[in-house]
Amino acid sequence: MKKRITGLLAALLLLSCSACAPQAGQSSPSTETAGSGSSAASSPAAEEPSATPDASIDAAADTTATPEAATRPVAVIVDNHIGTRPNSGLSAADIVFETDVWGGISRFIAVYSNYETMPTVGPVREMFTSLVQFVLPAQPLIVSDCISKPSAEIIEQYDYASSVLDETYDSRALFIDEERAKTLSLEYCRYTDGAHIAAAAQAEETAATDTSPQPLFLFEETGSGGAGEFPVATAISIPFSEPYQSQFAFDGGTGRYLMSRSNVDGEFEAAMDGGTNGQLAFDNVLVLFAAVEEVEPTEGDVQADNLRYKLDHGGDGYYFHGGTVEAATWEKADPLDRFHIYPAEGRGELALASGTTYVGVMDSGRMANFTYDNGEDD
């Protein structure tokens, strides 16, 4: 039977708050200063790390390996806490969104076209309103460790509870990295992978198959913009906040953009994938600017989900591919509509080139801080 959030919202919110609420317990990672000046780290309740689910996970993966299940995408909310890097599994994602979620802290939502082939991904963190709205058009299974109150309202509005796999609905999608749990708070130690998602999805038969997805962007084999037609741009800097900044350097040998991130000392270092020990690299980099409204946090919402991206307003953006840049605008009429990217000079909709894609969604109020150049010293 398909799960419904209607009629259970109060219980859901109570569980969500208790799952993510900061409590005394294990050590937090190294201190991280948020934009508000408060510490972003918190310590969950002292508890024994959950054991990785047993061999029944493998059986569940086998029994759900239907053609329909194999094509259902999955979106995983991934932590970007400076003190708990590296993340794992981002290099295998088809699309990786990064955006400011609260207090100047950015977070990822990684989208995989097939959950059965995805690697171990994490640390898995809580769901925020903006992250949900980015991916709803693809109708993915969404994996998080808990849900903010505003996110729960969106899930109720679109009757999406059966497609959310987290501590609130079904913790079988998550497991604890017990080695990390020896030194870090449990909130930074939850991971997922294809086998665990399959086990969780099996409990809800419609969760893996009841979907009408559409692409998040228009893709074509070679795209309709980029290399050879536009100005050279081989270095990109995206400052979500003072402590959270991402940079990309174009590698002409591979045709990909190598990602770096600012660390606790404010210096940049290679953004590494803890699963592969390789630097994150993307075929496309898309930067979208959106109007943001900061609202009072919902009472009792420990996740402080207080940033509202006005996605229906659209905005400006830049598309980077093949070492070049094209100015653009974008539109997204509602949460179920995909992103539409248009060249600034007014041609038809811009098609992104096929390949792995990083999408930075940034507060338009910080647009003046965003930079790109040809990678050469003045």
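Are Asp145 and Arg190 buried or exposed? Asp145 is buried, and Arg190 is buried too. Keep that in mind as you go through the close-ups below, which all come from a predicted model.

**View 1. Asp145 and Arg190 meet in a salt bridge.** Look for the nitrogen and oxygen atoms that come closest in this pair: they are 3.4 Å apart. Asp145 sits in the loop between strand E4 (141-143) and helix H5 (149-157), while Arg190 belongs to strand E7, so this bridge ties together parts that are 45 residues apart in sequence.

View 2. Asp79 is in the loop between strand E1 (74-78) and strand E2 (95-102), and Arg107 is in strand E3 (residues 105-112), so you're seeing distant parts of the chain linked, 28 residues apart. How buried is Asp79? Its relative accessible area is 3%, which is under the 20% cut-off, so Asp79 counts as buried. Arg107 is buried as well, with a relative accessible area of 3%.

**View 3. Glu187 pairs up with Arg125.** Their side chains make a salt bridge, with 3.0 Å from N to O. Glu187 comes from the loop between helix H6 (178-181) and strand E7 (190-191), and Arg125 from the loop between E3 and helix H4 (129-135), so the bridge ties together parts 62 residues apart in sequence. Both residues are buried.

**View 4. Asn87 reaches across to Arg261.** You'll find Asn87 in the loop between E1 and E2. Asn87 is buried, with a relative accessible area of 3%. A polar contact of 2.7 Å joins the side chains of Asn87 and Arg261. Leaving aside residues up to four places away in sequence, the residues that Asn87 touches include Asp79, Phe108, Pro123, Met272 and Gly274.

**View 5. Helix H7 is largely enclosed by the rest of the structure.** Why say that about H7 (residues 194-202)? Because seven of its nine residues are buried. They are Gly194, His196, Ile197, Ala198, Ala199, Ala200 and Ala201. At the start of H7, check out Asp193: one of its side-chain oxygens comes to within 3.3 Å of the backbone nitrogen of Ala195.

**View 6. Tyr318 and Tyr372 make a tilted ring pair.** The count of aromatic pairs comes to 20. In this one, the ring centres are 5.4 Å apart and the planes are at 55 degrees, so the pair is tilted. Tyr318 lies in strand E19 (residues 315-321) and Tyr372 in strand E24 (residues 371-373), 54 residues apart. Tyr318 is buried at 18% relative accessible area, whereas Tyr372 is partly exposed at 33%.

**View 7. Six aromatic residues join in a cluster.** Follow the ring pairs that link Phe97, Phe134, Phe217, Phe219, Trp330 and Phe339. While you're at Phe339, spot Lys332, which lies over the face of that ring at 5.5 Å from its centre.

**View 8. Leu174 sits in a loop between two strands.** The strands on either side are E5 (164-165) and E6 (175-176). With 6% relative accessibility, Leu174 counts as buried. The C-alpha atoms of Leu174 and Val143 are 8.3 Å apart, although 31 residues separate them along the chain.

Methods: Residues are numbered from 1 along each chain as its sequence is written. This is a predicted model: local features need pLDDT of at least 70, side-chain atom pairs count only at pLDDT 80 or more; totals for chains, interfaces and linings use all residues. Side-chain values use heavy atoms; hydrogens and water are left out. Helices (H or I, at least four residues) and strands (E, at least two) are DSSP runs, numbered from the N terminus. Buried means under 20% relative accessible area, exposed over 50%, partly exposed in between (1.4 Å probe, protein chains only). A salt bridge is a side-chain nitrogen of Lys or Arg within 4 Å of a carboxyl oxygen of Asp or Glu. A polar contact is a pair of N or O atoms within 3.5 Å; within protein, one must be able to donate a hydrogen and the other to accept it, and residues adjacent in sequence count only if both atoms are side-chain atoms. Contact means heavy atoms within 4.5 Å. Rings of Phe, Tyr and Trp (its six-membered ring) pair if their centres lie within 6.5 Å; planes under 30 degrees apart count as stacked, over 60 as edge-to-face and the rest as tilted. A charge sits over a ring if NZ of Lys or CZ of Arg is within 6 Å of the ring centre and within 35 degrees of the ring normal.
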